[in-house]
Amino acid sequence: MTDRPPTPTLDKVHLPADLRRLSDGELHKLAHELRAETISAVSETGGHLGAGLGVIELTVALHAVFETPRDKLIWDVSHQSYPHKILTGRRDRIRTLRQKDGLSGFCKRSESPYDPFGAAHSSTSISAALGFAAARDLGGDAGDAIAVIGDGAMSAGMAYEAMNNAGHLGKRLIVILNDNEMSIAPPVGAMSSYLSRLYAGAPFQELKAAAKGAVSFLPPPFQQGAKRAKEMLKHLAVGGTLFEELGFSYVGPIDGHDLEQLLAVLRTVKARADGPILIHAITRKGKGYAPAEGAADKGHGVSKFDVITGEQKKAKSNAPSYTSVFAKALIAEAARDDKVVAVTAAMPDGTGLKSFMERYASRCFDVGIAEQHAVTFAAGMAAGGMKPFCAIYSTFLQRGYDQVVHDVAIQRLPVRFAIDRAGLVGADGATHAGAFDVAYLANLPGFTVMAAADEAELVRMVATAAAHDDGPIAFRFPRGEGVGVEMPADPQPLEIGKGRIVREGSRVAILSFGTRLQEAETACERLAGRGITPTLADARFAKPLDEELILRLAREHDALITLEEGAIGGFGSHVAQLLAEKGVFDGGLAYRSMVLPDIFIDQASPRDMYDVAGLNAEHIEQKVLEALGVNLLSRRA
Ligand SMILES: Cc1ncc(C[n+]2csc(CCOP(=O)(O)OP(=O)(O)O)c2C)c(N)n1
C-alpha cells in the first residue's frame, strides 16, 4: 500500500452536490487533491492515467457548474473518467478499477446515474448528447447535454456526422473539445493540424471570440480583452472556424487547466447558450505527474506503478506477444514483396505496426480513429494492385462492418485483415471483447477466415494471407503472449481450408479453432487419467471449412465438440450447419459447440473471464464427459 496524500477537501465530497457548496478557492484545492487521488489509485490498479490527469480541472469545473446527473455529462471513450468516478460516489471503489467485480474502466449506465451513456469506443459522445438534447426538447429527461471529446476522437467520421446534424437542428448542446494534441499515439491528419493552427501563436480566447462576435459567450472579465482584440482585428480578414461553419458557436481556445477561466466560461455558456456551442479547451495529457507528462504516450495506459519514481511493474514474459510476432512476420513479408502495405486506425503501438512504420514509412498508414475509412482505403489499395494488411482489433473492426461487406467482400478484393485482441481481453471488459468477428466475417461469401492456435501458426497465417489474392482473408489472434513454441524458419503458406490433427485418439473428437487449443491439450491430459483419449484437431479455418476433416471426425467418433473464443454464430455454427446438411446428425452423433455464452462478460483477468464463459480446460473436460455420457445413453436406447 502506498502512502496516500491527505485529501481534506476531497474527503468532504461524496457527490457533486457537495462540491457545488464549495467556494472557487476550495475547488482549486479539490482539483489538486483529485489529481493526487487519481495518481494514487491508478498506481494500485493500472489503467488509463494520462487522459484523466488531463481533465482534472475540467471535471471539477463541469460538476461545479452543471447539475449532474440531471445535466447529462458524456465522456467520449470515457477512459478519462476516473476523476469523474471519484467525484460521483465511487471513490470508495476506485481502487477496484478494471478488476473482477470492481468498477469498470469506462462509463457505464448500470454503474452510476452519473454515467448517462456508456462508452469505450470513441467518437460517440456528440451523437449521444444530441440524442439527449432532442429527447429533452420532446418532453423526455430534462437537463443540459454536454459531450467532452478529445482531439483524437475528433478524427472519426461519427463526430462530424453528429456535428452536421447538431448544426442543422440548432438545439442547445454543449461540446467540449479536450485538445491535448495526443491520441494514444501523436494524432494524425489534417484535422489535427487544423486544431493546432486554431491556437498556434494566437492569444487565447479574446481574439477568436472577437473575430467571430462570440464575445457574449465570454465571461465579463474576458469581454474587455475581447473588445480590445476586436479593435485590433478591424482590418484583418479572419475566417470562421470549421465548427462555426457547421453551425456551432465556437468559444476558445481556453486554457483547460485554468480553473478560474473554465468556471467563468462554463457559467457564462450555461447562462447564455441557445444553440450548439463548442468550447475548445487546451489541455495536457498526463498533466501534473512528471512520469506521465514525460512518457511518449503521456501515460495513456499504464501498469501498476511506483508513485515516487513512476516505474511501472510489468510482469516478465517468457514468450513473445502475438502482436509482436504478427508485426515481425509482416515486416518479413514486406521485405519480400513491395506490394505489401499496412493500415492502422490510430493504433500503431497496439497493433505492432509502429515497427513496420519505422522500416517502411511510405507503405504504412495511420489513418486516425477511422476504422470505416481504414477498411475502404485498404479496399481501394487492393483494387489498385497492392496487398493491404488492415490491422484492426476485433472489437474496433465492428465499426467498419458495412465497409467490410460492401467495399471488400462484394467486390472480392484481397484485403488482408489482421485481427488482434480476438476473444476476451481482460481489464477493458465487455466493450473491448473480440467476440463477434468470426460470426460477422464467416457469413460473408468469398471470405477466408482463419484463427491462429499459437504464434508459429500466426506466422504461417501471415504468409498465407500475403499469398492469397483471391478475395478477402482474415486471421485472428488474441491479446497477450504466445505459447513459447518453436517458430518456423521459413514460414510456408497454409493450404486454404485445411485443418490439422494435433493428437489422434478415439470416441470423442475436439475440434478447436484458435488459441483454446492449449486448454484443450490440458483437458486431454486430464482425461487420459480417466482412460479417455480424445482426438484433438486444429481447424485453422472457419471458412472455408475443412469438410473432409470434419466429416471424418464425425464418422470415426461418438462425439464431436467444437471449441472457439467467439460468440454464438461463429465457427461451431458453421460446423453444425455442415453436419446437418450432410445428414450426420441423423446417425446420432453427439455434437457440442463451446462458444462464448450469450452475455456480455464484465472485466476480470482473461482467465477469470473464460471461467465465466466456461471455456477453460476443466470445462472442456466436463463437456467431453457429458457428451460421451449422453451419447452412450442415447445409443443404448
Ligand atoms: C473506435 C475506436 N477505435 C480505437 C479506440 C482506441 N482508443 C482509445 S483512446 C484513443 C485515443 C483517444 O484520443 P483522444 O480522444 O484525443 O483522447 P486522449 O486520450 O488524448 O484524452 C484510442 C485510439 C477506441 N477507443 N475506439
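Predicted model: local features only at pLDDT ≥ 70, side-chain atom pairs only at ≥ 80, totals over all residues.
Figure 1. As for local context, Asp-151 sits in the loop between β2 (145-150) and α8.

**Figure 2. Helix α8 with its partner, α7.** Here we stay with α8 (residues 157-169) and bring in α7 (residues 125-137): their axes come within 8 Å and cross at roughly 30 degrees. Since angles under 35 degrees count as roughly parallel, α7 is roughly parallel to α8. On the α7 side, the residues making contact are Ile-126, Ser-127 and Leu-130. They meet Met-158, Ala-159, Ala-162, Met-163, Asn-165, Ala-166 and Leu-169 in α8. Sort the residues of this contact by type and you get 8 nonpolar, 2 polar and no charged.

Figure 3. Which helix packs with α17 (residues 371-383) at an angle of about 10 degrees? That would be α19 (residues 401-409), and the two axes are 9 Å apart. With that angle, α17 is roughly parallel to α19. Gln-372, Val-375, Thr-376 and Ala-379 are the α17 residues in the contact, and they meet Gln-403, Val-404, Asp-407 and Val-408 in α19. The tally for this contact is 4 nonpolar, 3 polar and 1 charged.

**Figure 4. The stretch that UniProt labels as a domain, residues 320-485.** The name given in the unreviewed UniProt entry is "domain: Transketolase-like pyrimidine-binding". Over residues 320-485 the chain is 40% helix and 17% strand. The C-alpha atoms at the ends of this stretch are 10 Å apart. For its part, the domain assignment of the protein chain gives domain 2 as 322-476.

**Figure 5. Where domain 1 meets domain 3.** The domain assignment puts domain 1 at 10-294 and domain 3 at 500-636. Their contact takes 8 residues from domain 1 and 5 residues from domain 3. About 390 Å² is buried between domain 1 and domain 3, and carbon and sulfur atoms give 42% of that area. Which three residues supply more than any other three of the area that domain 1 buries against domain 3? They are Arg-98, Lys-100 and Lys-108, with 77% of it between them.

Figure 6. The peptide bond from Thr-68 to Pro-69 is cis, with omega near 5 degrees. Look for Pro-69 in the loop between α5 (56-65) and β1 (72-75). Another cis bond runs from Gly-252 to Pro-253, this one with omega near -5 degrees. Pro-253 has its place in strand β4 (residues 249-255). Then there's Val-77, a residue other than glycine whose phi is positive, near 65 degrees. You'll find Val-77 in the loop between β1 and α6 (82-90).

How values were computed
Residues numbered from 1 in each chain as written. Heavy atoms only, no water. Axes fitted to C-alpha atoms, helices over the stretch in contact; angles between N-to-C directions. Helix = DSSP H or I, 4+ residues; strand = E, 2+ residues; numbered from the N terminus. Parallel < 35°, antiparallel > 145°, perpendicular 65-115°, else oblique. Contact = heavy atoms within 4.5 Å. Nonpolar A, V, L, I, M, F, W, Y, C, P; charged D, E, K, R; others polar. UniProt positions renumbered as here; feature names shortened; annotations may be inferred. Domains from an automatic or database assignment. Buried area = accessible area lost by both parts, 1.4 Å probe.
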